[in-house]
Amino acid sequence: MGRQASDKIKVAMKGGQRELTIPIPSYATEMRATLDDKGHPIHTEMNVGGKLYSADFSKYGETDTMEEAEALSRLLPKRNEEWINDKK
């Protein structure tokens, strides 16, 4: 997705944390990702079809690789500020 527009990614500081703005041309939108001090994503959000999708990530532990972090992280997805629970 964002790979097509990697040269257009913007980095800004917000509240003492880095925030990436990543264009997603295939959905005519952009994703915002807030990073922790090690560069791991801790919050993402994007608007698609008039709906806001966001997710919070945690439990990275002491790992430095994204593969290990993905295995350890906890993903909390939301759609329009409501938690998404597909385990019904």
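Which residue forms a salt bridge with E19, the closest N and O atoms being 3.4 Å apart? That residue is R32. The structure described here is a predicted model. A search of the whole of it finds 4 salt bridges, and salt bridges that share partners join K14, E19, E30 and R32 into one network.

**Salt-bridge network**

- The salt bridge between E19 and R32 has its closest N and O atoms 3.4 Å apart. This pair links distant parts of the chain, with E19 in strand β2 and R32 in strand β3, 13 residues apart.
- E19 also forms a salt bridge with K14, for which the separation of the closest N and O atoms is 3.7 Å.
- R32 takes part in a further salt bridge with E30, where the side chains meet at 3.1 Å, N to O.
- Through shared partners, these salt bridges join K14, E19, E30 and R32 into one network.

**Accessibility within the network**

- E19 has a relative accessibility of 10% and therefore counts as buried, the cut-off for that class being under 20%.
- R32 has a relative accessible area of 31%, so R32 is partly exposed.
- E30 likewise counts as partly exposed, because its relative accessibility is 33%.

- The side chain of T21 is joined to that of R32 by a polar contact of 3.0 Å. R32 also forms salt bridges with E19 and with E30.
- Leaving aside neighbours within four places in sequence, T21 is in contact with K8, I9 and K10, and also with E30, M31 and R32. Two of these residues, E30 and R32, belong to the salt-bridge network.

**Backbone at A28**

- A28 lies in the loop between β2 (17–24) and β3 (29–35).
- A28 has a positive phi of about 50°, although it is not a glycine. Most residues other than glycine have a negative phi.
- A28 counts as exposed because its relative accessibility is 75%, the cut-off for that class being over 50%.

Key:
Residues are numbered from 1 along each chain as its sequence is written. This is a predicted model: local features need pLDDT of at least 70, side-chain atom pairs count only at pLDDT 80 or more; totals for chains, interfaces and linings use all residues. Side-chain values use heavy atoms; hydrogens and water are left out. Helices (H or I, at least four residues) and strands (E, at least two) are DSSP runs, numbered from the N terminus. Buried means under 20% relative accessible area, exposed over 50%, partly exposed in between (1.4 Å probe, protein chains only). A polar contact is a pair of N or O atoms within 3.5 Å; within protein, one must be able to donate a hydrogen and the other to accept it, and residues adjacent in sequence count only if both atoms are side-chain atoms. Contact means heavy atoms within 4.5 Å.
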